Amino acid sequence: MIKLEKVNKYYQQGGSQYHILKDINLTIDQGEFVSIMGQSGAGKSTLINIIGFLDDQFEGGYYYFDHPIHDYTRRDFSKLRNENVGFVFQNFKLIKNLTIAENVALPLLYAGQKRKMVKEKVSQALAAVGLPNSAQKKPTNLSGGQQQRVSIARAIIAQPKFLIADEPTGALDSQTSKEIMALFKRLNQQNNTTIIMVTHDRKVADQGERLIQILDGKIIADEKIGVKA
Ligand SMILES: Nc1ncnc2c1ncn2[C@@H]1O[C@H](COP(=O)(O)OP(=O)(O)OP(=O)(O)O)[C@@H](O)[C@H]1O
C-alpha cells in the first residue's frame, strides 16, 4: 500500500542545510499496525508527515497503491490526504467551542456530505469508540481518554485507508493509555484499519505488530514484534 524508496528530506535553516531523513526505504501493507520509535529529533514526525501526505517536499519515491505520488502536485496531495488518512494527535486537537458530534462530523462536512448522512455516521463512529452518549457535550466536559476517543472517531469517520497516530497516549495516564491502545487494536483487527503510530513508550509500541526504530534520520531496525490474534 505504502512504499517509500530512497526518501531523503532536508531542511534549510540560517544558510545551512540539514539532512533529516536519509535514504528511507519502507513498505507498509494494508492492515498492518506499525509502531515507530526513536529519540527526540530522530525524524519520526518528519517521516509520518511525508507518509500522511502532509509534506510533499522530499526527494525520492513514494508509491501509494503503486501510484508515483512523488510526482503529484500539492493540490493532489491534499485530496489524497482528505480521502485516505485519519490523524490522531497527542493533544487531541478538538475544537473547544464545537460539540463532540460537530467535531467528529468535520471531515465529512469538509468533504461536502449531506447533513442527514453525517448525523448517522457520527453516531456510528462514536459508538465504535465506546462513547455513545456524548454527542452534545463539549470537549472540555470529557476526560483526556474520552477526548482521545473523540479524536479517533473523527479520524475514522471518513473511512480512511490508514490512520497516523503521533504519540496518541502521550498525554494520558497508563490505565487510560491501555484502553486507548485496546481501541486501536480492535480497529486494526476488526476493521483491518492500517495504523502507523509514533510513540516514546515501549509498552505502547508493543501493542503493534511491527516496530520500526529510527536514529539520526535512518531506519536502524524493522522487526515483527507481536502475533496477530
Ligand atoms: N520545519 C523545520 N525546519 C527546520 N528543521 C526542522 C523542522 N522540523 C523539524 N526539524 C528538525 O528535523 C529534525 C527531526 O525532527 P522531527 O520532529 O521529525 O523529530 P522527532 O523524531 O519527531 O522528534 P520528537 O520525538 O521530539 O517529536 C530535528 O532536528 C528538528 O529540529
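Mentor: Let us begin with pairing: two strands pair if DSSP finds at least two bridges between them. Please keep in mind throughout that this is a predicted model. Here E4 and E5 pair in the antiparallel sense, over two bridges, and the partner of Tyr63 in one of these bridges is Pro68 of E5.

Trainee: In what order do the four strands of the open sheet lie, and which of them are the edge strands?

Mentor: In general, the strands of a sheet pair through backbone hydrogen bonds, in either the parallel or the antiparallel sense. In this model the order of the open sheet is E2-E1-E4-E5, with antiparallel pairing, and its edge strands are E2 and E5 (67–68), each of which pairs on one side only.

Trainee: Is Gly61 buried, exposed or partly exposed, and which residues does Gly61 touch?

Mentor: Burial is read here from a count of neighbours, and a residue with 20 or more other C-beta atoms within 10 Å of its own is buried, whereas one with 12 or fewer is exposed. Gly61, which has its place in strand E4 (residues 59–64), has 15 other C-beta atoms within 10 Å and is therefore partly exposed. Leaving aside residues up to four places away in sequence, Gly61 touches Leu4, Glu5, Lys6, Pro68 and His70. Leu211, by contrast, is 150 residues from Gly61 in sequence and 22 Å from it in space, C-alpha to C-alpha.

Trainee: Which residues of H4 are buried, and why do they lie on the same side of H4?

Mentor: An α-helix has 3.6 residues a turn, so residues three or four places apart point the same way. In H4 (residues 115–128), which has 14 residues and reaches 20 Å from its first C-alpha to its last, the buried residues are Val118, Val122, Ala125 and Leu126. They lie on the same side of H4 because they cover an arc of only 95° around the axis. Helix H3 (100–110) and helix H5 (144–156) are among what covers these buried residues, while Lys116, Met117, Glu120 and Ala127, on the other side of H4, are exposed. Just after H4, Gly130 takes a positive phi of about 80°.

Trainee: How many residues of strand E7 are buried, and which strands pair with E7?

Mentor: The residues of a strand may be sorted by the way they point, and by their burial. In E7 (residues 162–166), five of the five residues are buried; Phe162, Ile164 and Asp166 point one way, and Leu163 and Ala165 the other way. Strand E6 (residues 85–89) runs parallel to E7 and is joined to it by five bridges, with Ala165 of E7 as the bridge partner of Val88. E7 also pairs in the parallel sense with E8 (residues 194–198), again over five bridges, where the partner of Leu163 is Ile195. Together with helix H6 (residues 174–191), E7 and E8 make a right-handed β-α-β unit.

Definitions and conventions:
Residues numbered from 1 in each chain as written. Predicted model: local features only at pLDDT ≥ 70, side-chain atom pairs only at ≥ 80, totals over all residues. Expected span 1.5 Å × (residues − 1). Arc of directions from axis to C-beta. Contact = placed C-beta atoms within 7 Å. Right-handed = clockwise from strand over helix to strand, strands pointing away.
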